[in-house]
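Welcome, and please open your viewer so that we can walk through this structure together. Keep the selection tool at hand.

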Amino acid sequence: MRKLRSSLFARFVLATSLVVLLIAILLVFELRANVSQTTAIVVALLALLVLLGVITVWTQRTLARDLRELSLALERVLLEGGLDRMPQPRLAELNGIAQEMDAVAARVRNDYLQLTSERDRLQAVLDNISAGVIVVDRKLKIDMINPVALKILGTTREFALGRTFTEIHHSPVIDRAIEKSRRGAVVNKEIQITLPDRRWLRVLASPIRSEKGRTTGVICVIEDITSRRKLERVRRDFVTNVSHELRTPVANMRAVVEALLAGASDEPEACARFMTDLDRESGRLVDIIEDLLVLSRLEAAGGTVEVETLRLEEILKEAVREKEELAGKYQVELIFADTGREISVRGDRGLIKTAFANLLDNAIKYNRPGGRVEVSLERADEFVTVSVSDDGVGIPASDRGRIFERFYRVDKARSRNTGGTGLGLSIVKHAAEYHGGSVRVTSTEGRGSTFSITLPA
Ligand code: ADP
């Protein structure tokens, strides 16, 4: 019924019926009032014109309003993925179009929801990936960038999006890789950047292609390989150092053996001297190998401590007792003020004792005749601190940061002469960390040093 009423045809029929009715009334009026027929027709036509004008204006306005509402609704669906249905038009002629638009809008809404959920999933993947990912469009403007890439390049998402890569970070090598990829190549490179800090990156830039094979952008995956590079360097240095450290005693032993074979063994005095040399060099070899084994054991264990409850004052007393002879040889006084307090930690007895023994060794050997070495044990809150202080040669500030590295020696000659392997402090550091603790050093060159190991009580 409504459809019929609001259709243009219905309105036309209605208007015509009204005019016919009007003419009929006028004819009756003409008969009664004796008005001329022409006047009656003119009045009827004027009435018809006014009526048609009113209907046309109304129809045009209603049509415009309906079309505006439909186009607004469509815009909402297309631009914002709005979930509204198309409004019901007042003109029934537009109902068909509205229904079709509704069907199109439903499809668009569906696609929009699917795209949004895919985009959210992609964003979640990008946010949680451990490599940096940057997606640029054909004009090299950044479309997507994940948190890792933001961190590596030292920028923010708000700043980066919509800008070219060169605008957010000037790395000529990454620029070139992206540019080359835009031209269709896959680039895979290790590069170094200096801003925001010095890092090594592996950059993989690949073109993004449309179904027709056109390059529509570039995806650039950046991996921070600084620590891997550092580790590789440490490993390389370590192998070089070990070979070097082992070569010296082995070469010395070989020279001694060659001398003995060449006839020195016939002279009892030379033979005794060579035997002493052999003993010293083989001892050094054994020390280095034993220290290396302790270090490799610590590294292989990787955090799983074989624990037992240890009374620290007992272990310290034992370590001090074992170093008394060495202290006597270097004319150094060794003092352990045992407070009689029981202080326990949980840990590996062998490792903790080795760490104390290494600190005592150093405090005695890098001392001077008449010097003192004091050992103390304290407990504060949840931590226990063992300190070994000496008033020996001290450590220059420039070396202090490196003495815990493997094979690092401040005074190489002194270390070798005293039978040092260059691994003692490295073992101390690893042993402390293995037990969840740490080691600290304070020192004044020429005045002495204090090494403190702190362990969880
Ligand atoms: P080393 O076997 O040569 O003693 P360490 O790793 O124990 O190796 O020590 C590294 C370097 O730190 C030593 O060569 C020495 O120069 C310096 N050092 C360690 N302890 C002391 C100390 N108490 N006083 C002065 N120098 C020390």
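## A helix across strands

Start by selecting residues 226-261: this is helix α9, which lies across β3, β4 and β5 and runs at about 135° to β4. Helices (H or I, at least four residues) and strands (E, at least two) are DSSP runs, numbered from the N terminus. Axes are lines fitted to C-alpha atoms, for helices over the stretch in contact (heavy atoms within 4.5 Å), and angles run from 0 to 180 degrees between N-to-C directions.

A word on the model before we move on. It is predicted, so local features need pLDDT of at least 70 and side-chain atom pairs count only at pLDDT 80 or more, while totals for chains, interfaces and linings use all residues. Residues are numbered from 1 along each chain as its sequence is written, and side-chain values use heavy atoms, leaving out hydrogens and water.

## The antiparallel sheet

Now show the sheet itself: five strands form an open, antiparallel sheet in the order β2-β1-β5-β4-β3. Two strands pair if DSSP finds at least two bridges between them. At the edges stand β2 (142-145) and β3 (187-193), each with a single partner strand, so one side of each has no neighbour in the sheet. From one strand to the next, the twist averages 20°.

Next, select residues 199-209 and 215-224, which are β4 and β5; nine bridges pair them in the antiparallel sense. Click on S206, and you will find I219 of β5 opposite.

Select β10 (residues 383-390) together with β12 (residues 448-456): they run antiparallel and are joined by eight bridges. Along this pair, V386 has I453 as its bridge partner, and V388 stands opposite F451.

Is β12 enclosed or open to the outside? Seven of its nine residues are buried, so β12 is largely enclosed by the rest of the structure. Buried means under 20% relative accessible area (1.4 Å probe, protein chains only).

Which residues come nearest to the ligand? Of the 21 residues around the ligand (a heavy atom within 4 Å), these are N362, Y366, S415, G422 and L425. Try the distance tool on the backbone: an N or O atom of G422 lies 2.8 Å from a ligand oxygen atom, a polar backbone atom of T421 is 2.9 Å from one, and a backbone N or O atom of V410 is 3.1 Å from one. The protein covers 97% of the 530 Å² of accessible area that the ligand has on its own (Shrake-Rupley method with a 1.4 Å probe).

L425 is also one of the buried residues of α15. Select residues 424-434 to see this helix, which is mostly covered, with eight of its eleven residues buried. After α15 comes G436, whose phi is positive, near 80°.

## A last stop

Finally, select D66 in helix α3 (residues 37-80). D66 is buried, with a relative accessible area of 2%. Leaving aside residues up to four places away in sequence, D66 touches P89, R90, L91 and L94.

How values were computed. Buried means under 20% relative accessible area, exposed over 50%, partly exposed in between (1.4 Å probe, protein chains only). A polar contact is a pair of N or O atoms within 3.5 Å; within protein, one must be able to donate a hydrogen and the other to accept it, and residues adjacent in sequence count only if both atoms are side-chain atoms.
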